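Please read the following briefing alongside the sequence and the three-dimensional view. The points are grouped by topic.

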Amino acid sequence: MLSGWRDDTARRPWRISAKWLIISSVVTVIGFSAICVNVMLDMRRGEEALARQTLENLATSIEADISRNIEIYDLSLKAVASNMLLPELATVSKTVRHLILFDHATTARHFGAIQVFDADGKLTIDASTLDPRPDNRSDEDYFKVHRDNPGAGLFISRPMLFRGAYSIVLSRRISDTDGGFLGVVAGSIRFSYFHELFERLNLDPEDTITVLKRDRTIMMRRPFDLDVIGKNLAERQGWKSENLRVGASYAGQGPVDPTPRLYARSGDTGPLFVVAGKPLSLVFDLWRKEAIRIGAVVLLLALFLLGSAIVLAREIGRRAEAESKLEEMATTDALTGLKNRRKFDSVIDTEWRRAMRHKTPVALLMIDADHFKAYNDTFGHQAGDQVLVGIAICISDSVSRAGDCAARYGGEEFAVLLPNTSATDAFKVAEAIRGKVQGWSDDQASSTVSCGIASFVPAVGMDWAVLVAAADKALYAAKAGGRNQSVVASLPKLSLVA
């Protein structure tokens with residue numbers, strides 16, 4: 001037990017070193033991994049911010065183009081509505097009337113011809129012909145809005161089929177000088193304008209561009225889908241208007257399809273606003289590839305570091321074991337397995353100093369095999385060695401504390417150091433050893449031991465050799481008294497008591 005404790009003490013520093021090597025390696029890996037994750041998250045946020053800015057710029061530029069064309073077209077509607085109040089229109093020919101009304105009207109291949117409807121909704125003037133076909137638009141929303149609301153201003157209708165083409169209708173009220181309702185002037189912007197506008201953009205197939213009215217009605221969308229055009233997002237369950245506030249962005253599933261996207265909205269300056277969307281998979285595609293590459297490199301480095309730490313820890317363990325064996329060989333008696341004389345001298349010196357500091361007693365047993373020389377001469381050296389081994393076993397069985405030290409002092413003599421032990425307790429240990437040796441020898445060739453015991457508190461300036469000398473004198477007294485007995489040295493006069 002004493003030997004095992006000494007072995008554990010010798011190996012423990014190496015075990016701690018190996019354990020701390022592995023722990024430090026794991027902490028290092030975790031630290032680098034945390035830094036790597038933080039860097040990758042910063043990269044992800046950067047990719048998202050860049051994509052958001054790009055989408056915002058795209059939505060703003062599209063909204064600006066649409067607003068500019070609506071504004072230009074609205075100027076033509078205002079001019080026609082204003083010129084309809086001129087009194088001379090009733091006296092001039094249709095050709096002259098067209099020149100007066102539509103001479104400065106905006107014309108483009110995506111803009112429909114401006115039409116004028118009277119107070120009953122009947123088509124009276126058409127910019128595309130001098131003799132318009134009979135038509136009545138009194139049931140249309142834009143006509144009702146202007147008829148019932150004098151302050152409606154420019155009204156943009158829902159997408160509809162207008163004059164054979166899908167369009168959005170722009171209209172203004174014609175009022176007399178007293179504010180009375182005289183009719184409506186209306187024009188249209190065909191969907192072909194939006195198609196051409198979107199085609200000029202460098203967009204991915206899954207990118208979306210949505211043009212909406214202020215009431216969140218979808219006016220146009222890319223990719224084009226008639227089932228979506230004209231729908232109002234306010235009617236979509238699970239979609240909240242605050243998801244896309246003015247100048248804000250939103251990441252997640254949109255109101256139209258389930259594809260998760262990053263959406264960005266344009267400003268709030270025109271009659272329509274634009275929302276641009278890009279799939280999140282495309283937004284983070286470059287980041288994902290970079291994250292995988294960096295993650296793979298970090299993983300390989302982590303595996304390498306941990307593998308190296310494990311290998312080094314094993315080598316440290318092997319070295320510790322080898323050094324422990326070397327130390328054991330250097331400090332252990334090869335025959336008995338007890339500590340040798342050199343180790344004993346080192347331990348007693350340490351314990352003597354400790355006892356001197358703490359003012360505690362130190363006990364020493366000096367044990368000698370009785371008639372060993374005669375026994376050795378009679379039965380031979382091999383039998384003598386067996387006796388020494390048996391005595392050593394009896395000593396080891398009787399010395400149980402971790403701080404005790406049992407050693408082969410030389411030849412057939414043994415020493416047992418008992419720190420913090422009184423003479424009385426040391427005598428009990430000595431008697432236990434003597435009794436075990438006697439009991440063991442009854443089954444073997446007859447062999448007994450004599451024990452000398454000394455115990456006292458070291459004084460300043462005193463050397464531990466005094467303790468050894470006292471125990472030796474007690475041992476000689478035991479032998480002189482007939483052997484197979486234990487004698488305690490009474491200090492400082494060293495009087496002997498059996």
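Ile22, Val26, Ile30 and Ile310 make a nonpolar surface patch of about 320 Å². This is a predicted model, in which local features need pLDDT of at least 70 and side-chain atom pairs count only at pLDDT 80 or more, while totals for chains, interfaces and linings use all residues. Residues are numbered from 1 along each chain as its sequence is written, and side-chain values use heavy atoms, with hydrogens and water left out.

**Surface patch**
- Helix α1 (residues 2-83) contributes the largest share of the nonpolar patch, three residues; Ile30 is placed in this helix.
- Patch residues have over 30% relative accessible area and no salt bridge, with nonpolar side chains (Val, Leu, Ile, Met, Phe, Trp, Tyr) joined within 5 Å and like charges within 9 Å.
- Accessible areas come from the Shrake-Rupley method with a 1.4 Å probe, and for residues only the protein chains shown count as cover.
- Helices (H or I, at least four residues) and strands (E, at least two) are DSSP runs, numbered from the N terminus.

**Salt bridges**
- The structure holds 30 salt bridges, each being a side-chain nitrogen of Lys or Arg within 4 Å of a carboxyl oxygen of Asp or Glu.
- One of them pairs Asp65 with Arg200, whose closest N and O atoms are 3.9 Å apart.
- Asp65 lies in helix α1 and Arg200 in the loop between α4 (191-199) and β7 (208-213), so this pair ties together parts that are 135 residues apart in sequence.

**Helix packing**
- The axes of α8 (residues 372-379) and α9 (residues 381-398) come within 6 Å and cross at roughly 140°; axes are lines fitted to C-alpha atoms, for helices over the stretch in contact, and angles run from 0 to 180 degrees between N-to-C directions.
- The two helices, α8 and α9, are therefore oblique to each other, as angles under 35 degrees count as roughly parallel, over 145 as roughly antiparallel, 65 to 115 as roughly perpendicular and the rest as oblique.
- In α8, Phe372, Tyr375, Asn376 and Phe379 meet His381, Ala383, Gly384, Val387 and Leu388 in α9 (contact means heavy atoms within 4.5 Å).

**Backbone features**
- Arg222 and Pro223 are joined by a cis peptide bond with omega of about 5°.
- Arg216 has a positive phi near 70° and sits in the loop between β7 and β8.
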